[in-house]
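Visitor: I'm new to this one. Could you walk me through how to read it, feature by feature?

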Amino acid sequence: VTNSESSPQPDLAALLEGLVAVEEAGRARLAGAQTVDALRLVTQEVLGKRSELAATNSQLRLLAVEDRPVLGQAVQQVRERLEVEADTRRAGLEAAERAARDRAEAMDLTEAAALAAAEATPLAATLPLPPLPGHRHLVTIVREELEDIFVGMGYQVAEGPEAETDWHNFEALNMPPNHPARGMFDTFYLNLGQPGSVVLRTHTSPVQIRLMETSAPPIYAVAPGRVYRRDTPDARHLAEFHQIEGLVVDRRISMGDLAGTIEAFTSAFFGPGRHSRLRPSFFPFTEPSAEFDVTCWVCAGEGCRTCSHSGWVELGGCGMVDPNVLQAVGIDPEQWSGFAFGFGIDRLAQARTDLSDMRALLDNDIRFISQF
Ligand code: DAH
């Protein structure tokens, strides 16, 4: 084979050797790109028309015909390997940029683990993050929705301890020792301090006392949390469940404010066309007291088995804060008045999801939990 062109014939061995250096340099440049944008430029420079790889390829036509496929294939293989390198690097950079963006925007603590892993290991930082395992429990989802509704009405969210003093759980709530109303609550006492002085709280109402002890009116707050009862668990009861308490103390608060607040909450949670009503009742810490019902969530008020054909389902208790309770925490009942309410969160979760047996909320069966 003769070469009729005037350029000197390149040396195949030298070209192949040069190709090794081209590949190595290309890899280093791709790995050095620190952002997706920078990588785009570098990829262009390493693999594009003006790259060294392209220049090597252009030597093909100067080679002896039988040598051309050798260099051609070698160039093609280097190109493919560098392309894979560029793709992998881009995926890593995109994931890192996404993670940085999430970190800047997010307050969701469930993301912390994956982000920490991405920071701790360089490998994790270069690979796309897998979807995070797990999510919030149904009860937590409903609790946060309730918090959002009340925060939207200007309420604070407060928390109190689950191991509560007799004073907060009973006495300050107008239930002195031996008060008959303690009977329906009497529950798990802890072996702490004076015998019978610390109890697993039976309701979230003691947070009312803690709120009033620590802040002066006006008070607008809700307090969600776990409570304990001496109940035998069945389809509609748990011995360990969740309530949300509401407390408002301000000047000239009336029963009308209470009814309006319950109604606002009901339509925000259940949707328009769902209403509430109050029925006279008794609680030691409110006077007057009421139970409140909401439009039956199953039949929308038409009447069905769930609501015993009344169209209403009982949700919780409420009333005007008893002057004795205000006095117990040193708030002058002549100047201030307030209302309070409390209801079960698990019941709402049950209603929302048409759950036949409440015990599923505590079973930790992933097949149930992962549905929400
Ligand atoms: N603590 C009551 C219970 O667990 C519910 C309740 C009734 C809370 C009336 C209130 C209220 O704040 O005013 O049964």
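Guide: Let's start with exposure: buried means under 20% relative accessible area, exposed means over 50%, and partly exposed is in between, with a 1.4 Å probe and protein chains only. N174, at 22% relative accessibility, counts as partly exposed. Keep in mind that this is a predicted model, where local features need pLDDT of at least 70 and side-chain atom pairs count only at pLDDT 80 or more, while totals for chains, interfaces and linings use all residues. Residues are numbered from 1 along each chain as its sequence is written, and side-chain values use heavy atoms, with hydrogens and water left out.

Visitor: Where is N174 placed?

Guide: Helices (H or I, at least four residues) and strands (E, at least two) are DSSP runs, numbered from the N terminus. N174 is in the loop between helix 8 (166-169) and strand 3 (198-200). Its backbone has a positive phi of about 70°, although N174 is not a glycine.

Visitor: What is the phi of N364?

Guide: N364 is not a glycine either, yet has a positive phi of about 65°. Look for N364 in the loop between helix 13 (360-363) and helix 14 (366-369). N364 is exposed, with a relative accessible area of 63%.

Visitor: Which peptide bonds are cis?

Guide: One of them runs from P217 to P218, with omega near 0°. P218 belongs to the loop between helix 9 (206-214) and strand 4 (219-228). Another cis bond joins E287 and P288, where omega is about -5°; P288 is found in strand 7 (residues 286-295).

Visitor: How many disulfides does the structure hold?

Guide: A disulfide is a pair of cysteine sulfur atoms within 2.5 Å. The structure holds 0 of them. Take C304: the closest cysteine sulfur, in C299, is 3.6 Å from its own sulfur, so the two are too far apart for a bond. C307 is in no disulfide either, and its nearest cysteine sulfur, again that of C299, is 3.7 Å away.

Visitor: Are C304 and C307 buried or exposed?

Guide: C304 is buried, with a relative accessible area of 13%. C307 is buried as well, with a value of 3%.

Visitor: What joins the side chains of E164 and R210?

Guide: A polar contact is a pair of N or O atoms within 3.5 Å; within protein, one must be able to donate a hydrogen and the other to accept it, and residues adjacent in sequence count only if both atoms are side-chain atoms. The side chains of E164 and R210 make such a contact at 2.6 Å. E164 is in strand 2 (residues 163-165) and counts as buried, at 0% relative accessibility.

Visitor: Which residues come nearest to the ligand?

Guide: A residue is near a molecule if one of its heavy atoms lies within 4 Å of it. There are 15 residues around the ligand, and H203, S205, R229, Q243 and E245 come nearest.

Visitor: Which strands each supply at least two residues of the shell around the ligand?

Guide: Those are strand 5 (240-250), strand 8 (312-321) and strand 9 (337-344).
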